[in-house]
Amino acid sequence: MSKLRNKQKGASLLTIMIYLIIGGIFFSVGFKLYPAFWDYKLVDSVITDVSQDRDELSKPLTRLRQDIAKKFRINQITLPEKDSLVIKQEKGVVHFDLDYEVRVPMFYNVDAVVTFNKHYEAVKP
């Protein structure tokens, strides 16, 4: 039993370095992907607000598109493609189809692709 008391316990320097490297990689990936998810949350917020606002929905589609574009400009949001947000009206229901992807460079020639796809519906008053 006296032999076991003399052994040191705890993490070695190598173990601590491995934990720091793994933690650094996760932190770096999260730090690089955060802006894409933040922009998506802003886009989702704008479209949800518009789809729930009766005054906005009573406007013609061209005016509705202009108002959404203004709100994107105010929030400094740019969608990657022009057809990322499709707005259609069928039988008194306005459909908002959001579908786009963002390519984020990670390390050297490794990229992460984040895809966002959501459908909104709103009944015109």
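K91 lies in the loop between β1 and β2 (93-107), and that loop is a friendly place to start a tour of this predicted model. Helices (H or I, at least four residues) and strands (E, at least two) are DSSP runs, numbered from the N terminus. Residues are numbered from 1 along each chain as its sequence is written. Because the model is predicted, local features need pLDDT of at least 70 and side-chain atom pairs count only at pLDDT 80 or more, while totals for chains, interfaces and linings use all residues; side-chain values use heavy atoms, with hydrogens and water left out.

**Confidence**

- The chain has a mean pLDDT of 89, and 94% of its residues reach 70 or more; pLDDT is the predictor's confidence in each residue, from 0 to 100.
- Where pLDDT is low, the predicted coordinates should not be read in detail.

- K91 has a phi near 50°, a positive value in a residue other than glycine.
- With a relative accessible area of 86%, K91 is exposed; buried means under 20% relative accessible area, exposed over 50%, and partly exposed in between (1.4 Å probe, protein chains only).
- Q76 sits in the loop between α4 and β1, and its phi, near 55°, is also positive in a residue other than glycine.
- Q76 is exposed, because its relative accessible area is 71%.
- Most residues other than glycine have a negative phi.

**Aromatic pairs**

- Rings of Phe, Tyr and Trp (its six-membered ring) pair if their centres lie within 6.5 Å; planes under 30 degrees apart count as stacked, over 60 as edge-to-face and the rest as tilted.
- By this rule the count comes to five aromatic pairs.
- One of them joins F27 and F31, which are stacked at 6.0 Å centre to centre with 15° between the planes.
- F27 and F31 are four residues apart in helix α2, so about one helical turn separates them, and both are exposed.
- Y40 and F116 form a stacked pair as well, at 4.5 Å centre to centre and 10° between the planes.
- Y40 belongs to helix α2 and F116 to strand β3 (residues 110-123), so this pair ties together parts that are 76 residues apart in sequence.
- Y40 is buried, with a relative accessible area of 15%, and F116 counts as buried at 5%.
- F37, Y40, Y100 and F116 form one aromatic cluster.

- D67 lies in helix α4 (residues 61-74) and counts as buried because its relative accessibility is 7%.
- Leaving aside residues up to four places away in sequence, D67 touches E56 and K59; contact means heavy atoms within 4.5 Å.

**The largest pocket**

- On a 1 Å grid over the protein atoms alone, a pocket is an open set of points where a 1.4 Å probe fits, with protein on both sides within 12 Å along at least five of seven lines; lining residues have an atom within 4 Å of a point.
- The largest pocket has a volume of about 260 Å³, the space filled by probe spheres set on grid points joined across faces, edges and corners.
- Its lining includes R65, F72, T78, E81 and I87.
- α4 and β1 (85-90) each supply at least two residues of this lining, and α4 gives the most, with four residues.
- By class, the lining has eight nonpolar, one polar and three charged residues; Ala, Val, Leu, Ile, Met, Phe, Trp, Tyr, Cys and Pro count as nonpolar, Asp, Glu, Lys and Arg as charged, and the others, Gly among them, as polar.
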